[in-house]
Amino acid sequence: MTLLFPSLRDKPAAALAATFVIAAVLVALPFVVGSMGNAWVRALAFAALYVMLALGLNVVVGFAGLLDLGYIAFYAVGAYMYALLASPHLTSNFPALAAIFPQGFHSSVWMVVPLGAALAAFFGVILGAPVLKLRGDYLAIVTLGFGEIIRIFLNNLNAPLNITNGPQGITLIDPVRIAGINFARTLDLGFVKLPSVYLYYYLFLLLTVITIIVCVRLQDSRLGRAWMAIREDDTAAKAMGINVRNVKLLAFALGATFGGVSGAMFAAFQGFVSPESFALMESIIVLAMVVLGGLGHIPGVILGAVLLSVFPEVLRHTVVPVQEQVFGRVLIDAEVLRMMLYGLAMVVIMLYRPKGLWPAPEHGVNPAMRGPAKAGAAG
């Protein structure tokens with residue numbers, strides 16, 4: 001907890017107690033919401049995926065100040081890497097591969113996920129290299145185009161060689177298997193049974209915790225401070241001896257890495273991927289999570305990701321029944337209402353809390369000392 005809340009660094013007992021309480025809540029959460037149906041546990045699993053995505057984008061946008069509207073492309077790269085290496089698609093379409101691998105590709109998650117992360121990082125460098133001197137709107141337009149190019153390629157790489165199966169997508173993707181545990185089946189521990197969706201929730205939660213630790217360490221590192229210097233003024237950062245080109249490339253690569261891991265987990269969880277899952281709107285939603293929570297502030301980004309990922313499920317289970325009871329029919333579809341409320345929320349946030357719901361502390365201000373400092377100043 002001290003990684004996320006510096007004010008607890010001088011209170012080890014409180015930090016330990018808070019850590020145990022939050023850990024217990026997160027472990028028990030699927031059993032609590034699962035009483036209302038596994039759909040809610042599935043929503044929690046997706047919330048964890050979106051937290052990873054938002055934290056990855058926060059490295060690029062929040063730490064380095066590089067507006068990226070094509071971030072979902074790295075999510076797609078990781079998902080399709082897992083789908084191609086953990087499904088019979090390639091061997092069923094390429095006889096030469098079928099002769100070498102008669103049982104089909106059923107690669108281990110320990111190999112596919114790092115490959116997906118590495119490939120996403122490679123694409124992050126490919127995106128970053130041509131746009132190093134672009135800023136603001138120009139950078140946003142180029143990254144938006146990159147994301148659309150990746151989606152269009154995935155949509156059309158079914159001829160003359162059927163690599164991605166085009167708009168039909170790839171099916172029969174293997175689930176995650178770790179230490180002999182098949183995440184597609186219920187795990188019986190004797191005293192409790194964990195359905196498949198519970199297992200994925202705990203896996204995604206573990207990956208989210210790792211992502212948070214990595215992001216906090218990056219933020220406090222020399223590299224993280226270099227990113228923030230570039231965000232504030234890249235000309236001044238260059239004058240201070242920071243290699244702006246390499247540092248920006250590292251931001252794109254490391255942010256893309258988190259997207260690649262999230263994409264691989266998405267493919268394993270869904271068992272199916274198609275280009276429709278990686279449209280521009282997904283990039284905008286992830287960016288909205290970062291902006292809503294608080295640019296550059298890890299707890300704020302987590303808050304924004306959880307709110308905007310769980311909110312659609314709440315609408316889906318409440319809006320339609322309420323309208324049917326009140327009006328006798330559905331006047332506004334849940335999806336339409338969701339997008340309208342997204343837009344309204346962003347407008348309100350920009351007007352009244354432009355730094356987000358949970359903004360980052362001011363530069364040079366130690367949150368742990370803010371209270372005593374104010375008291376001293378008042379005295």
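The model is predicted, so local features need pLDDT of at least 70 and side-chain atom pairs count only at pLDDT 80 or more, while totals for chains, interfaces and linings use all residues. Residues are numbered from 1 along each chain as its sequence is written, and side-chain values use heavy atoms, with hydrogens and water left out.

**The chain as a whole**

- You will find 15 helices and four strands in the chain; these are DSSP runs numbered from the N terminus, with helices being H or I of at least four residues and strands E of at least two.
- The radius of gyration is 22 Å, close to the 21 Å that the globule rule gives for 379 residues, so the chain is as compact as a globular protein of that length. Here the radius is taken over C-alpha atoms, and the rule is 2.2 Å times the number of residues to the power 0.38.
- Along its principal axes, the C-alpha trace spans about 80 × 55 × 50 Å.
- Of the 379 residues, 45% are buried (buried means under 20% relative accessible area, exposed over 50%, partly exposed in between, with a 1.4 Å probe and protein chains only).
- Among contacts between residues at least 6 apart in sequence, 71% join residues at least 24 apart; contact means heavy atoms within 4.5 Å.
- The accessible surface comes to about 19000 Å², and 68% of that belongs to carbon and sulfur atoms (Shrake-Rupley method, 1.4 Å probe; for residues, only the protein chains shown count as cover).

**Helices**

- Helix α1 (residues 12-33) packs with helix α2 (residues 38-63) at an angle of about 145°, their axes 7 Å apart. Axes are lines fitted to C-alpha atoms, for helices over the stretch in contact, and angles run from 0 to 180 degrees between N-to-C directions.
- Where these two helices meet, α1 brings Leu29, Pro30 and Val33, and α2 brings Trp40, Val41 and Leu44. By class, this contact has six nonpolar, no polar and no charged residues (nonpolar: Ala, Val, Leu, Ile, Met, Phe, Trp, Tyr, Cys and Pro; charged: Asp, Glu, Lys and Arg; polar: the others, Gly among them).
- Helix α3 (residues 72-85) is mostly covered, with 14 of its 14 residues buried.

**Backbone points worth a look**

- As background, most residues other than glycine have a negative phi, and most peptide bonds are trans.
- Ala159 and Pro160 are joined by a cis peptide bond, with omega about -5°. Pro160 sits in the loop between α7 (136-156) and β1 (177-178).
- Asn165 lies in the loop between α7 and β1 and has a positive phi of about 65°. Asn165 counts as buried because its relative accessibility is 19%.
- Ala179, in the loop between β1 and β2 (181-182), has a positive phi near 55°. Ala179 counts as exposed because its relative accessibility is 78%.

- Phe278 belongs to the loop between α11 (244-270) and α12 (280-293), and counts as buried at 2% relative accessibility. Leaving aside neighbours within four places in sequence, Phe278 contacts Ile72, Tyr75, Ala76, Ala79, Tyr80, Arg151 and Phe266.
- Met289 is in helix α12, and counts as buried at 0% relative accessibility. Not counting residues up to four places away in sequence, Met289 touches Tyr50, Ala54, Val301, Gly304, Ala305, Leu308 and Ser309.
- From Met289 to Gly180, 109 residues apart along the chain, the C-alpha atoms are separated by 36 Å.
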